Amino acid sequence: MASIDKDREWRLLIAGEWVEPDAGTYEIIDPHTTQVMGHAPEASVAQAEAAASAARQASTAWKGLSRGERCAHLARLADVLETESPAWVSLVRAETGATAKIAATLQVGGPFIDRFRYYSRPINLDEALPPLPQGKTGLGPAGLVSAMVHRQPVGVVAAITPYNFPLTNVAGKIAPALAAGNTVVIKPAPQDPLGILMLGEAVKNAGLPDGVVNIITGSGPEAPAALVASRDVDMISFTGSSPVGTQIMRDGAPTMKRLLMELGGKGALVMTEDADVNAACQAIASVWGFHSGQICTAPTRVICHRSIYDKTVETLKMFAGFMKVGDPTADDTIVGPVITEAHRDRVEGFIESGVAAGATLVCGGQRPDLPGYFVAPTLLADCTPDMHVVREEAFGPVVVIMPHDGDDEAVALANQSDYGLFSYVYAGDMKRAYAIGKRLESGNVGLNSIQPHMEAPFGGFKMSGIGRDRGKWGIEAYTEIQSLSWMA
Ligand code: NAD
């Protein structure tokens with residue numbers, strides 16, 4: 001792997017220029033070594049506003065391009081990323097704490113570039129309505145009225161993103177936003193923004209016009225809050241925690257911000273008495289320790305029929321034993337560190353609260369004797385729905401399990417949550433899994449599988465968000481609907 005230049009001086013990208021940060025820099029910590037691996041620019045509020053203003057100024061020309069011309073820009077950016085991004089793997093691995101495999105395949109490779117490729121295909125968003133017979137009114141004579149439903153870009157989109165998959169999260173927002181004709185300001189998570197600044201270099205190398213993509217970074221909420229308040233920003237596309245999402249809704253209300261909110265999750269996995277226990281446990285295990293459980297779609301609430309409960313607990317415990325926790329740069333490591341010391345302490349607090357409330361610690365729960373911010377895969381059995389660890393998102397490798405005595409109770413337990421992002425059903429046959437799945441209050445449901453359909457609409461019910469991402473829904477989210485009507 002390429003070595004990391006810890007002393008590199010990074011800048012903000014505003015109006016096509018690399019700009020010195022007004023407020024100095026802050027340290028980026030590698031969660032494995034716990035050492036400083038770089039210094040990120042600290043944008044001032046004035047610089048956040050300047051980035052929004054630059055995006056506004058670039059907006060007219062960018063939305064004036066044909067969809068084909070914009071798509072050509074995105075295709076060129078995808079080409080540049082194919083060439084340049086493999087060299088970013090070490091940097092992104094170190095700042096995210098990802099294992100080497102995840103860094104190469106999911107942080108920097110794969111879906112990150114795929115999003116730009118996907119939205120570089122021109123997608124027709126306009127739709128003609130069938131002519132509507134209309135009687136004579138005070139507004140005109142009788143006849144047929146035709147209408148076209150046209151989608152305009154919203155204007156300027158601020159993409160505010162979380163730390164777990166910095167590049168993929170940003171790509172999932174800016175690729176459709178740009179394709180639809182918006183200009184953007186990116187504000188990545190404080191913990192791991194350096195890969196996003198590399199993306200800024202790729203944007204410049206691909207020749208996108210100045211000001212179409214702007215990037216500000218910072219450690220606190222002031223700069224992104226300035227984007228939320230700015231009259232130069234029309235829409236906030238936010239992925240992150242539900243508390244910050246609600247704060248953004250409040251702060252965006254005075255300027256009537258358009259919102260796409262991809263928030264937290266506490267995924268239920270319902271197992272019927274005839275479920276394939278091994279397959280269900282394998283599915284849970286594959287996400288349990290994956291990126292140290294910092295996955296919004298993970299099935300962390302297992303709701304298991306009482307008749308297979310003990311077997312499921314034992315099988316999950318066995319799978320946990322196979323997950324090697326440790327050095328994320330080693331090829332055989334499954335569970336690396338969580339992002340920060342504060343987050344490790346928070347996840348441990350969840351586990352302690354569960355045990356204090358009467359849950360049984362089946363495995364994990366002890367801090368691994370390693371230098372980084374590690375949490376071992378932890379299973380809490382005998383949980384009840386009122387427990388904090390059952391209700392709230394730990395965003396770490398913590399799974400809870402509860403028994404049920406039939407489908408109705410399983411559905412009620414699964415829906416007894418403020419969240420509704422991604423849930424799962426494991427049942428003996430697909431007809432039953434489908435029937436249960438349709439009763440779950442969850443934007444996405446996996447049936448005997450945890451493999452998502454990457455072009456299906458993605459988003460949350462309840463506190464898990466507003467709006468839908470991916471596929472044609474992803475691009476529609478970044479548009480305003482306009483009706484144009486005339487007498488046929
Ligand atoms: P977070 O909410 O702490 O931070 C997300 C972003 O919000 C950061 O860029 C942060 O700087 C910014 N921010 C903080 N305060 C702000 C304010 N007042 N105004 C505007 N922006 C502000 O989230 P996190 O800890 O980085 O990420 C973990 C969370 O993200 C989890 O809840 C997880 O479920 C969620 N997540 C959801 C999805 C999804 O698709 N639904 C995907 C990934 C992560």
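Biologist: A salt bridge is a side-chain nitrogen of Lys or Arg within 4 Å of a carboxyl oxygen of Asp or Glu. How many salt bridges does the count come to by this rule?

Modeller: The count comes to 22. This is a predicted model: local features need pLDDT of at least 70, side-chain atom pairs count only at pLDDT 80 or more, and totals for chains, interfaces and linings use all residues. Residues are numbered from 1 along each chain as its sequence is written, and side-chain values use heavy atoms, with hydrogens and water left out.

Biologist: Take Arg 344. Which residue does Arg 344 form a salt bridge with?

Modeller: Asp 345, with the closest N and O atoms 3.0 Å apart.

Biologist: Is Arg 344 buried or exposed?

Modeller: Arg 344 is buried, because its relative accessible area is 6%. Buried means under 20% relative accessible area, exposed over 50%, partly exposed in between (1.4 Å probe, protein chains only). Asp 345 is at 38%, so that residue counts as partly exposed.

Biologist: And Arg 367, which side chain does that one meet in a salt bridge?

Modeller: Glu 348, at 2.8 Å from N to O. The pair links distant parts of the chain, 19 residues apart. Arg 367 sits in the loop between strand S14 (360–363) and S15, while Glu 348 is in helix H12 (residues 341–356). Helices (H or I, at least four residues) and strands (E, at least two) are DSSP runs, numbered from the N terminus. Glu 348 is buried at 15%; Arg 367 is partly exposed at 47%. Shared partners join Glu 341, Arg 344, Asp 345, Glu 348 and Arg 367 into one salt-bridge network.

Biologist: What about Glu 201, which partner there?

Modeller: Arg 8, with the closest N and O atoms 2.5 Å apart. Glu 201 is in helix H7 (residues 194–205) and Arg 8 in the segment before strand S1 (12–14), 193 residues apart. Glu 201 is at 27% relative accessibility, so it counts as partly exposed. Arg 8 also has 27% and is partly exposed.

Biologist: New topic. Which domains does the assignment give?

Modeller: Domain 1 (12–263 + 464–487) and domain 2 (268–454). The bounds come from an automatic or database domain assignment. The C-alpha centres of the two lie 31 Å apart.

Biologist: What area is buried between domain 1 and domain 2?

Modeller: About 2100 Å², with carbon and sulfur atoms giving 62%. Buried area is the accessible area (1.4 Å probe) that two parts lose on being put together, summed over both. On the domain 1 side, His 32, Tyr 163 and Ser 464 lose the most, together 27% of what that side buries.

Biologist: How many salt bridges cross that interface?

Modeller: The rule finds 0 between domain 1 and domain 2.

Biologist: Last one. Where does Thr 378 lie?

Modeller: In strand S15 (residues 378–381). Thr 378 is buried, with a relative accessible area of 0%. A polar atom of the Thr 378 side chain lies 3.0 Å from the backbone nitrogen of Gly 365. Beyond its neighbours within four places in sequence, Thr 378 is in contact with residues including Trp 288, Ile 351, Leu 361 and Val 398.

Key: A polar contact is a pair of N or O atoms within 3.5 Å; within protein, one must be able to donate a hydrogen and the other to accept it, and residues adjacent in sequence count only if both atoms are side-chain atoms. Contact means heavy atoms within 4.5 Å.
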